[in-house]
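Open the model in your viewer and keep the selection tool ready. Each stop tells you what to select and what to look for.

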Amino acid sequence: MRRLFVAVLLVSAAAIGYEILLMRVLSIVQWHHFAYMIISLALLGYGASGTFIALFRKRLEPRFESAFAVCALLFSITMVACFVVGQRVAFNALEIIWDRSQFVSLSLLYLVFFVPFFFAACCIGLALTCRSREIGRLYFFDLAGAGAGAILLIGLLFIVYPQSALLVLVTLALIASRLVATGEIAGRPLKTGQLAWLLVMAVIAAGDGLSLRPSEYKGLSQALQVVDSRVLAEASSPLGLLTVVDSPTVPVRHAPGLSFNARQIPPEQLAVFTDADGMSAITRYDGDPESIAYLGDVTAALPYQLLDEPDVLLLGSGGGDGVLMALYHGAGRVDAVELNPRMTAFVAHAYADFAGRIYDDPRVTVHTAEARGFVARNDRRYDLIQIGLLDSFAAAGSGVQALNESYLYTVEALREYIDDLGAGGLLAITRWIKSPPRDNLKLAATAIEALAQTGADPARRLAVIRSWNTVTLLVSNGEFSGDDIDAIREFANSRSFDTAYYPGIEASATNRFNLLDRPWLYDGIRAMLGGDADAWFWDYKYFVEPATDDRPYFSHFFKWRTLPEVLSLRSAGGAGLIEWAYLIVVATLVQAAIVGALLILLPLSGVRRTWSGGLRYGSYFLLLGLAFLFVEIAFIQKFTLFLGHPLYAIAVVLASFLVFAGAGSACSARMPGHPATRFARPASIAVAGIVCIAIVYVQVLPPLFAWLIGIADGLKILLSAILIAPLAFFMGMPFPLGLRHVAAEAPDFVPWAWGINGFASVISAVLATLLAIHFGFTAVIAFALSLYVVAATLRVA
């Protein structure tokens, strides 16, 4: 049994590690971590395995050790096979609007990554089913392994590339197979298979068969197609895969928003890609300001025309262009904040001489921190807070970021930035432009709402200019003066930039140089500042209402009523008018429902049915499956802002929920099978605990996180686990309580209970994301709590 306990721990650790690893890999090879899809895949594997074991239990139980060892070996093999095959599935998300075959490819991708989780779940399910006398300790090692696997994977990604981390997880599963299959239990074919796979792993580790294959439409793939381009360096961590590219024959020219009137072109540059996209540049600087004079002819240089020797806070320093711009314009002090220390190391060390050692300038201080956390804990006031371009033009224009949670551009974030400005200070944000405008108008709407909440008049504190491909928005901590407006107009006119808004602007002063079919930005901002903003938001073709911390999908602009018009234009190049990533969530929900029904519910139709009350039982387990994942997904997002990165939040929240829900499940075994008191059933007590704690957290967590966001990462992780513990503890009770009651009253319904709960869990991970996009995470939590209450009223446990 000791070997089995360790084997269960290893398999569980490898499964949760593989789940998080796939999120990291999809961020690199596609454009998003697709957390909702990966969580759904893992749950589909567990649900389908429960159905499989229920159908074949009589054959599997006498051969338990061999079956466990074979499943662990297949888990190990399929982790690698599906990792490789999944990257070769001909899925191009950019074509999903006009090529219906991409939906087939998406389904194929879903099924490919489902396979490893199925075999991992079979291992755990077999152990719990065939060694039920040790179910308490087995469940403990299962959940302990999940928690350890999440921590292990995050730690591995700090020191090795994702491919190497995969080999560690594969080895864990192989060790689990070997631990259980010992002596006479391990037949010659199994031993041969284990040895053969070990040799194959050695060959794979020595070669490059696991190399990542980013989409051909991502910036890195396109850059490497240029003649003589080459990769100079790479650095990997959970925060991103950084790739430095040199292109001597066709030089890199990265100067977003550069005026057509500019007399100076950028000097030699090195491109730095984050997760194969989101390019920034390290610019060669020899100390001569004239060599970087082009930095005065971009839209992002506007605030420097209004300020004299400003103290600057740069959020997202990237390759150092923002720092270089501040120094060129005579900044008195520059605080540069960069989340990824590997990026800072490239500029400060590896390519320090190339970059002119700008980080050694006494005016410059580089901080490794998350932007919101730094702002929250910093007491200094700045003349200028600047947020540069943090994504690529291609990604911004193609709708691939519609599901990216960004807490950098929310109403709450902008209010914090404004609070950190001195009197007359400026917040400057530069974004790529789309036509018709989307994120520029949403940014303006968010700024207007943030200013309105402070009691200021937004109409007197906003200014917007645009070039042919960028828009820069200024928010002033004070009203713009007449001299300020003159400086804005002179800066824009001399560089052929269009003024889109400033206090007192007339329509004739807009859309003069870089012509659009109409002055979209001017019209939109004027409408938002007017008395009928709600009607304008409703009529506009895109969703551009302000982003908030509760709905942090800044790049989500999709409206269903626009879809027919866009589809009618797709053959005429209209595909770029829609946010395709949203449609992928919808498609994933549909395929999750179909695949879940086929692999979980349909096979159970062959199980003998002799029970009564099936509708009540089925509704109970369906509601629990939906509610549990709704709460879990919502709190992953609630903790993302606090922990600073989605991957950290996924690892910490998933691990904590699993461990403490397991503890709650174990405690539920000691609760009486009938009402615990004369007033309530055990499940009702658990639901009451869930509802009370969740309601308190919805109110308390935002101010608590705002207060503690600046503490050390280790303390954040510990505090997150402590906060999750009581909620997860109670959430772990209703399912085993109901299952115990069903096992006593209608034992033939037990496989259906597992299957229905598994099916609900598969679709709820995706459905929660859709609900959050439209209604916010607080609404998702409220909906989940209502489902828990309805489940309790069914009086199953």
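Predicted model: local features only at pLDDT ≥ 70, side-chain atom pairs only at ≥ 80, totals over all residues.

**Stop 1: two helices side by side**

Select helix H3, residues 64-88, and helix H4, residues 101-130. Their axes lie 9 Å apart, and the packing angle is about 160°. Angles over 145 degrees count as roughly antiparallel, so that is the label for H3 and H4. H3 passes H4 in a left-handed crossing.

**Stop 2: a serine in helix H6**

Now pick Ser177. You will find Ser177 in helix H6, which covers residues 162-180. Is Ser177 buried or exposed? Its relative accessible area is 0%, so Ser177 is buried. Show what surrounds Ser177, skipping neighbours within four places in sequence. Ser177 is then in contact with Ala69, Ala72, Leu73 and Gln194.

**Stop 3: a cluster of rings**

Select Phe52, Phe56, Phe114, Phe118 and Phe119. Ring pairs join these residues into a cluster.

**Stop 4: an oblique crossing**

Move on to helix H13, residues 411-419, and helix H14, residues 439-453. The two axes come within 9 Å and cross at roughly 60°. H13 and H14 are therefore oblique to each other. Their crossing is right-handed. Which residues of H13 and H14 make the contact? On the H13 side, color Val411, Leu414, Arg415 and Ile418. On the H14 side, color Thr446, Ala447, Glu449, Ala450, Leu451 and Gln453.

**Stop 5: charges over rings**

Select Arg431 and Tyr409. The charged end of Arg431 sits over the Tyr409 ring, 5.0 Å from the ring centre. Next, select Arg518 and Trp520. Arg518 lies over the face of Trp520, at 4.5 Å from the ring centre.

**Stop 6: an isoleucine in helix H16**

Go to Ile525 in helix H16, residues 520-529. Ile525 has 1% relative accessibility and so counts as buried. Again leave out neighbours within four places in sequence. The contacts of Ile525 are then Leu441, Ala444, Val464 and Tyr501.

**Stop 7: aromatic pairs**

Two values describe a pair of aromatic rings: the distance of the centres and the angle of the planes. How many aromatic pairs are there? The count comes to 29.

Start with Trp520 and Tyr540. Their ring centres are 6.2 Å apart and their planes meet at 75°, so the pair is edge-to-face. Trp520 lies in helix H16, and Tyr540 lies in the loop between helix H17 (533-539) and helix H18 (563-568), so the pair ties together parts that are 20 residues apart in sequence. Both Trp520 and Tyr540 are buried.

Finish with Tyr553 and Phe777. This aromatic pair is tilted, with 6.0 Å from centre to centre and 40° between the planes. The pair links distant parts of the chain, 224 residues apart. Tyr553 is in the loop between H17 and H18, while Phe777 is in helix H26, residues 777-793. Check each partner. Tyr553 counts as buried because its relative accessibility is 5%. Phe777 is buried too, at 2% relative accessibility.

Key
Residues numbered from 1 in each chain as written. Heavy atoms only, no water. Helix = DSSP H or I, 4+ residues; strand = E, 2+ residues; numbered from the N terminus. Buried < 20%, exposed > 50% of the residue type's maximum accessible area, 1.4 Å probe, protein only. Contact = heavy atoms within 4.5 Å. Phe/Tyr/Trp six-rings, centres within 6.5 Å; stacked < 30°, edge-to-face > 60°. Lys NZ or Arg CZ within 6 Å of the ring centre and 35° of its normal. Axes fitted to C-alpha atoms, helices over the stretch in contact; angles between N-to-C directions. Parallel < 35°, antiparallel > 145°, perpendicular 65-115°, else oblique. Left-handed = near helix turned anticlockwise from the far one by under 90°.
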